[in-house]
2 protein chains.
Amino acid sequence: MKRAEEGQAGALTMQKIAELAGVSAMTVSRALKSDASISPETRARILDIVSRIGYVPDATARMFASRRSGFVAALVPSLNNSNFADTVRGMEEAFGPAGLQLLLGDTEYSLSREEDLISALLQRRPEAIVLTGGVHTPAARQMLAKAGIPIVETWDLPKAPLDHVVGFSNEAAGAAMVHYLYERGRRNIGFIGGATNLDTRGSERRAGYARAVRELGLSRSRVVTFGKPPVTMSQGGEALDLMLKQWPEVDAILCVSDLSAFGVLMECQRRGVAVPQRLAIAGFGDFEVARCCHPRLTTIAVDCQGIGRRAAEIVLSALEAKKSGEVLPPETVVMPFEVVARETV
Amino acid sequence: MKRAEEGQAGALTMQKIAELAGVSAMTVSRALKSDASISPETRARILDIVSRIGYVPDATARMFASRRSGFVAALVPSLNNSNFADTVRGMEEAFGPAGLQLLLGDTEYSLSREEDLISALLQRRPEAIVLTGGVHTPAARQMLAKAGIPIVETWDLPKAPLDHVVGFSNEAAGAAMVHYLYERGRRNIGFIGGATNLDTRGSERRAGYARAVRELGLSRSRVVTFGKPPVTMSQGGEALDLMLKQWPEVDAILCVSDLSAFGVLMECQRRGVAVPQRLAIAGFGDFEVARCCHPRLTTIAVDCQGIGRRAAEIVLSALEAKKSGEVLPPETVVMPFEVVARETV
DNA sequence: CGAAGCTGTGTTAACGATCCCATCATGGGG
DNA sequence: CCCCATGATGGGATCGTTAACACAGCTTCG
């Protein structure tokens, strides 16, 4: 019964096509590959039959026979974040045409969840894996090393990379924004970010803030941490309250992301705090909301999609090299970031 | 060389484990399944060896041998949209524990891209497929019917469902918001949405708007369409300009999503248009930005994550039924939506 | 003109797990 | 004491495709 239904599709196999075309299964297989040696006439005849009868090759069997899964695993802290979604899109753009399927995992900013996902995804024998960030559990590092596939860490510049890297220095970005605020005359600069170190990129930005404040000889650092990542817009607003209570003299706030910066901005409007006259606000990530809100948010722009695209290109060339037995030496691509001056500073 | 590296992991097979444990490969297989008939001692001994030596079963081979892929395909119009990202998260929460891996595809609001993705994903022999919306190309419908797997269409209530449905009436939602605006005394209500019919949910909402305007006997409908989906925040602002030029008397605007509504709101602030006194604004989707902006956006809330979770539950029960040869009758789950009154109306 | 190389195709043997059935103990009931 | 049900394990066959090699028929070139 169930068999019969599936029979239509399930029974269709290369062998059947081969019989219809009067060739061997192998020839059908060759007809479906672009680079195989087969006469144009035979290929045309087979492809015609294939399309007319609606045969779809079984990718599972192909993977199994060729020992190539056609998968690339990618882990992001959150899919519900336009920056990472852009990176995923960049990867898809490059992997799709190459016939590679992206296996996505959402770590929810948790290293242990990352470890679980790595172990689960490795069962699928991906041909490469793209990670976000440079911090992983020891078990995860071990599994990855043992997997023997190209690895790309993104969005960060790890001290001890596992393999390839496509990222930028979040620490430098944080410092750069402090310098920008300083240039614009701000002297009492605060920082709002997450309460944990789970978002390592956020922690790096905070470290950059602290370094710059020290370097510039500003009297003290004013840091309000709030909530687990991802830090929400609303939490930005709540953090502003704490910030103003503790350091009423603060005249500029650097936020871990545009989302929290937006929350701060809206809370300022509710309280009648003049932005940027009384308080300057800076974000990170150049989210759409930062370009559109009023006043427009000064922020740091990164080419998120470019990170994904570059990561994918590295994976593709590593896989290409692997065909001829080579192993590409680890490569680190440093992506630029840019302070985007708008209206909140 | 390359072989040698992979040798560590690649050479490990059930046969090896079986030899080490002094049993047959079949017994190792049983030890790794939870419901197989095997003695507790044997299982414990095998599992001990497995974990000590770090053997990871090859999911590809398992898929192939058991004719079960462990995949569920899911197509969304855009990953970079918090509503759909939430739906994906809802699915992941339900599929993960069930050992199913989500294969995600991003249709970019294009039916032909959806068709391509369906054809590509079907090669992976997913056990079920979750789609967004109820409109698909004829070729796509045919492929899906032929695949003989459970299908769930989400985020809409298709007239002719392919199989199961978890959605709500976008048309009714659009109409409901018009009625709400009417109750609040607005009589000159406009609509801002995308210029194409690619976003079928958006088109439905517009249809609901048009119907409600007619029903309420409002003099005319005022529709500004702008850009391809996804309609951005900035496009909302630009559309406001067109709206005010064409119909200066408009006193309320219903937007296809919170993102465009937010763009409208910000543009109002730049122009000094008082919201809601002079102009009421309503959005759709209850995005975080709607909850956090100032003034807070009146919108329509849907349980996006719940849609994903319910869709996954239906898939799981359909797969469960399939084991015993049954085919579940098509089920339609209507999710509620709710007008969330805030400060822009 | 024969050796060598190329092209197009077929044959065979995997790939690594699971399925189905057979087999062998073991123990309880007649 | 024997028979049969039950539980635990093993032995092949098998899933659909591709890799590797074989080979026939041509062309090319010394």
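I started with Asp286(A), which I found in the loop between β9 (280–282) and α13 of chain A; helices (H or I, at least four residues) and strands (E, at least two) are DSSP runs, numbered from the N terminus. I noted that this is a predicted model, in which local features need pLDDT of at least 70, side-chain atom pairs count only at pLDDT 80 or more, and totals for chains, interfaces and linings use all residues. Residues are numbered from 1 along each chain as its sequence is written, chains are lettered from A and ligands numbered from 1 in the order in which they are written, and side-chain values use heavy atoms, with hydrogens and water left out.

I looked up the backbone of Asp286(A) and read a positive phi of about 50°, although this residue is not a glycine. Asp286(A) is buried, with a relative accessible area of 18%, where buried means under 20%, exposed over 50%, and partly exposed in between (1.4 Å probe, protein chains only).

I then turned to Arg125(A), another residue that is not a glycine, and its phi is positive, near 55°. Arg125(A) sits in the loop between α7 (111–122) and β3 (128–132) of chain A, and is partly exposed at a relative accessible area of 29%.

I reminded myself that most residues other than glycine have a negative phi, and that most peptide bonds are trans.

Last, I checked for cis peptide bonds. One joins Pro229(A) to Pro230(A), with omega about 0°, and Pro230(A) lies in the loop between β7 (222–225) and α11 (233–246). Another joins His294(A) to Pro295(A), with omega about -5°, and I placed Pro295(A) in the loop between α13 (288–292) and β10 (299–302).
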